[in-house]
Amino acid sequence: MPAETRSLRLSDAPSVLLLHAVTSRTSALVARALEGTGYRLDQWRVLDIVARQRCIAMSALAEAVPMPAPSLTRLVDRLVEDALLYRADDPGDRRRVLVHVSTRGEQVHQRLAGFVAAADAEALAALPPDDVARLRGLLQRLSDALVAGEF
């Protein structure tokens with residue numbers, strides 16, 4: 001890769017482009033870390049969200065995952081076929097479908113989390129720990145504000 005491409009500076013670019021560049025690069029690190037596990041980055045994202053929530057409505061999952069609804073449905077179908085997730089009707093509203101993590105899904109999530117943590121550490125290695133903590137805090141605040149519609 002040419003030096004000009006590696007050292008591309010985006011400090012004067014709009015924040016959204018800077019965030020996109022960082023997301024693209026860190027996603028590539030995670031995708032590379034998952035190579036050989038049998039799982040892709042998009043499958044990890046869905047499994048991670050469901051595993052952290054333990055149970056989530058399919059509609060809420062669709063809001064959290066940046067992909068078209070039909071693609072998400074196919075992805076969840078695949079994870080259900082692999083016995084990592086399962087679906088159930090919401091007992092409070094039978095029109096809603098809930099997605100749960102299975103015991104096998106928890107085990108796979110835990111195994112893959114190590115690969116993702118290593119990629120995360122690699123991505124953040126250039127920053128001192130205080131900056132990493134500050135960055136995580138700022139990203140969480142930004143995420144919360146965007147979800148709440150406070151932009």
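**Close-up 1. R54 is partly exposed, with a relative accessible area of 46%.** Partly exposed lies between buried, under 20% relative accessible area, and exposed, over 50% (1.4 Å probe, protein chains only). R54 belongs to the loop between α3 and β1 (55-57); helices (H or I, at least four residues) and strands (E, at least two) are DSSP runs, numbered from the N terminus. The phi angle of R54 is near 75 degrees, which is a positive value in a residue other than glycine. The model is predicted: local features need pLDDT of at least 70, side-chain atom pairs count only at pLDDT 80 or more, and totals for chains, interfaces and linings use all residues. Residues are numbered from 1 along each chain as its sequence is written, and side-chain values use heavy atoms, with hydrogens and water left out.

**Close-up 2. Helices α3 (residues 41-53) and α5 (residues 69-81) cross at roughly 80 degrees.** Their axes come within 10 Å; axes are lines fitted to C-alpha atoms, for helices over the stretch in contact, with angles from 0 to 180 degrees between N-to-C directions.

**Close-up 3. D42, Q43, V46 and L47 of α3 meet L72, L75, V76, R78 and L79 of α5.** Contact means heavy atoms within 4.5 Å. The residues of this contact comprise six nonpolar, one polar and two charged. Ala, Val, Leu, Ile, Met, Phe, Trp, Tyr, Cys and Pro count as nonpolar, Asp, Glu, Lys and Arg as charged, and the others, Gly among them, as polar.

**Close-up 4. A83 lies in the loop between α5 and β2 (85-90).** Phi of A83 is near 65 degrees, a positive value in a residue other than glycine. A83 is partly exposed, at a relative accessible area of 37%.
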